[in-house]
Amino acid sequence: NASGSDADLASLASASIMDATWLQFDFVPTSPQVTFRYVFGSEEYTEFVNSGYNDVFGFFITGPNPGGGTYSNVNLALIPTTTLPVSIDNVNSGSYSQFYIDNSSGVTIVFDAFTTVLTATCQVTECQTYHIKFAVGDAGDAIYDSGVFLEGGSFPAVILSQLLLLQQILYFQQMQLKAVQMQLLLLLWQLPFQHLQQYYIQ
């Protein structure tokens with residue numbers, strides 16, 4: 001889809017965005033820091049570095065900033081100790097090469113190169129609602145794919161859909177418990193009458 005752009009990705013790249021793909025959802029953090037590990041890889045490596053095909057991605061967070069104010073689509077996918085986004089032109093054999101792995105002759109995945117395992121981190125307020133968007137797109141053209149790998153279990157949060165499901169389960173369990181309690185009360189209420197009935201029959 002050569003027409004599929006994304007405003008957040010476009011703000012990070014020096015070229016037009018195409019084939020933009022994203023996953024976004026609301027979540028509630030269960031710790032004061034959101035941290036997850038990821039790897040960025042691309043077929044644009046190594047031939048098209050600094051040639052205008054600067055494929056890029058971002059992790060954009062929106063929500064309360066515990067330091068004051070609000071995060072508004074703040075990108076967490078940055079080169080360590082910098083404010084630079086992770087992209088083809090920013091991480092390669094000649095730029096921040098300590099985070100770059102050449103995979104031209106690799107046999108495990110098709111991407112010609114990828115980053116080392118990087119960590120995205122953000123300070124958050126526990127039990128508050130946040131929105132996050134994971135996005136990746138072609139820059140400059142609509143060919144030669146790029147992708148992002150996320151480490152499973154590295155996102156310490158409850159997604160709101162999961163929270164709603166848990167609430168429904170708890171509500172159902174509470175209703176079952178109330179039904180059992182009502183049955184016990186009825187049994188206790190009936191006991192004196194059973195004793196009286198036995199007395200008069202005798």
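Guide: From the N terminus on, the elements of the protein run α-β-β-β-β-β-β-β-β-β-β-α, where helices (H or I, at least four residues) and strands (E, at least two) are DSSP runs, numbered from the N terminus. This is a predicted model, in which local features need pLDDT of at least 70 and side-chain atom pairs count only at pLDDT 80 or more, while totals for chains, interfaces and linings use all residues. Residues are numbered from 1 along each chain as its sequence is written, and side-chain values use heavy atoms, with hydrogens and water left out.

Visitor: How many helices and strands does the secondary structure of the protein come to?

Guide: The order of elements has an α at each end of the run of β. Counted up, the secondary structure comes to 2 helices and 10 strands.

Visitor: Among contacts between residues at least 6 apart in sequence, what percentage join residues at least 24 apart?

Guide: Contact here means heavy atoms within 4.5 Å. Among contacts in the protein between residues at least 6 apart in sequence, the share that joins residues at least 24 apart is 74%.

Visitor: Which residues of the largest nonpolar core touch the most other members?

Guide: A nonpolar core is a set of buried Ala, Val, Leu, Ile, Met, Phe, Trp, Tyr and Cys residues joined through side-chain atoms within 4.5 Å, and buried means under 20% relative accessible area, exposed over 50%, partly exposed in between (1.4 Å probe, protein chains only). The largest such core has 29 residues, and those touching the most other members are Phe-36, Tyr-38, Tyr-45, Phe-57, Phe-59, Ile-61 and Val-86.

Visitor: How many aromatic pairs does the count come to?

Guide: Rings of Phe, Tyr and Trp (its six-membered ring) pair if their centres lie within 6.5 Å, and planes under 30 degrees apart count as stacked, over 60 as edge-to-face and the rest as tilted. By this rule the count comes to 13.

Visitor: Why does the pair of Phe-36 and Phe-134 tie together parts that are apart in sequence?

Guide: Phe-36 and Phe-134 form an edge-to-face pair, 5.6 Å centre to centre with 65° between the planes. Phe-36 is buried at a relative accessible area of 3%, and Phe-134 is buried at 12%. The pair ties together parts that are 98 residues apart in sequence because Phe-36 lies in strand β2 and Phe-134 in strand β8.

Visitor: How many degrees lie between the planes of Tyr-38 and Phe-59?

Guide: Tyr-38 is buried, with a relative accessible area of 1%, and Phe-59 is likewise buried, with a relative accessible area of 1%. Their rings form an edge-to-face pair, 5.0 Å centre to centre, and the angle between the planes is 90°.

Visitor: The side chain of Asn-75 reaches the backbone nitrogen of which residue at 3.0 Å?

Guide: Asn-75 has its place in strand β4 (residues 70–75) and is buried, with a relative accessible area of 11%. A polar contact is a pair of N or O atoms within 3.5 Å; within protein, one must be able to donate a hydrogen and the other to accept it, and residues adjacent in sequence count only if both atoms are side-chain atoms. A polar atom of the Asn-75 side chain lies 3.1 Å from the backbone nitrogen of Ala-77. The backbone nitrogen that the side chain reaches at 3.0 Å belongs to Phe-59.

Visitor: What is the omega of the cis peptide bond that joins Tyr-45 and Thr-46?

Guide: Tyr-45 touches residues including Phe-40, Ile-88, Tyr-100 and Phe-114, not counting residues up to four places away in sequence. Thr-46 has its place in the loop between β2 and β3. For the cis bond joining Tyr-45 and Thr-46, omega is about -15°.

Visitor: Is Cys-127 buried or exposed?

Guide: With a disulfide taken as a pair of cysteine sulfur atoms within 2.5 Å, the count comes to 0 disulfides. Cys-122 is buried, with a relative accessible area of 4%. Cys-127, at 64% relative accessibility, counts as exposed.
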